[in-house]
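Keep the 3D view open as you read.

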Amino acid sequence: MVSAADILNARILVVDDLEANVRLLERTLRGAGYTSVASTMDPYEVCELHRKNRYDLILLDLQMPGMDGFQVMEGLKEIEAGGYLPVLVVTVQPDHKLRALQAGAKDFVSKPFDLVEVQARVCNMIEVRLLHTEARNYGKLLESLALHDSLTGLANRQLLAEKASLAIAHARRNKSSMAIVYLDLDGFKEINDTWGHDAGDNLLKMAAERLVAAVRQEDTVARLGGDEFVMALWQIGDADDAARVGEKLVSSMSQPYSIQGRMVSVTASAGIGIYPAHGEDVDTLMKSADLALYDAKRAGKNSYRVSDLSAISCS
């Protein structure tokens, strides 16, 4: 929640072409306890200042020579992608108030100033602005949580599907290939049964870190649940390239893990489906990779298999 301290520490910009008005508003706001009050008498500076400082409130005079407040607000709209202008307009013209609100301003004060009214409107506007920012950030957090695995921070199934679809579209446009790698840990259940779920969770986190380190930045690593991981490889040359990635992933996962002061060894098995040879959409490629993983498991685990190709052991 927004606190009184948050409001008083908000960033405020005073914009007026008359120095007497600027000094009066600055003195009033600082006297009320606001700690971050800046000002300018040049309307052409406002947008660049806001781009740099992201003010929580801009007290904006509407009538200024060269560039009026309405023009300033048009520039601010380009900066505020969300469309929320933290603007409290200052005007001596009553008929400008409605126009200012229609242009995006959130409130107004009249000249000559009623300083008690100014303080009240400033406080209310800043509180609304901070609540709006808090809600937007919370929304972004919820969106992130909805697209990522809560344990490892990797992409979840929904985000994987989106990223893999983009990779397929890119490969289709460029007449190239991409791949899906389906991987799980051999014997993960035994780790949970022997050392407990905390140890299992730690193992999954470390496995996730190794997978991310083993692929390129543009590739996507996802956890679907349990010990099941899927990689969407943005672009590959051919089946041999996919095989080299499979070998690298399985080899990396088989290195010992330090868990709760003990060295634990597990292996991994992987299956690979390649676009367009083994499917031209995400679901088909996932099924191809899953079947290849099953073949790798039947071949003795600690191995990978490219769909329709023979298993290759990494033991």
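Start with Arg-298 and Asp-295, whose side chains meet in a salt bridge, 3.0 Å from N to O. Bear in mind that this is a predicted model. Both residues belong to helix H11, which covers residues 282-298, and they sit 3 residues apart, or about one turn of the helix. Arg-298 counts as exposed, because its relative accessibility is 59% and the cut-off for exposed is over 50%.

Asp-295 also has a salt bridge with Arg-305, this one at 3.4 Å from N to O. Arg-305 is found in strand E12 (residues 303-306) while Asp-295 is in helix H11, so this pair ties together parts 10 residues apart in sequence. And is Arg-305 buried or exposed? It's buried, because 17% relative accessibility falls under the 20% limit.

Altogether, the model has 20 salt bridges.

Now look at Asp-16 and Lys-111, another salt bridge, with the closest N and O atoms 3.2 Å apart. Here the pair links distant parts of the chain, 95 residues apart: Asp-16 is in the loop between strand E1 (11-15) and helix H2 (19-31), and Lys-111 is in the loop between strand E5 (107-110) and helix H6 (115-147). Asp-16 and Lys-111 are both buried.

What about the rings? The charged end of Lys-106 sits over the ring of Tyr-84, 4.7 Å from its centre. Likewise, Arg-121 has its charged end over the ring of Phe-108, 5.6 Å from the centre.

How values were computed: Residues numbered from 1 in each chain as written. Predicted model: local features only at pLDDT ≥ 70, side-chain atom pairs only at ≥ 80, totals over all residues. Heavy atoms only, no water. Lys NZ or Arg CZ within 6 Å of the ring centre and 35° of its normal. Salt bridge = Lys/Arg side-chain N within 4 Å of Asp/Glu carboxyl O. Helix = DSSP H or I, 4+ residues; strand = E, 2+ residues; numbered from the N terminus. Buried < 20%, exposed > 50% of the residue type's maximum accessible area, 1.4 Å probe, protein only.
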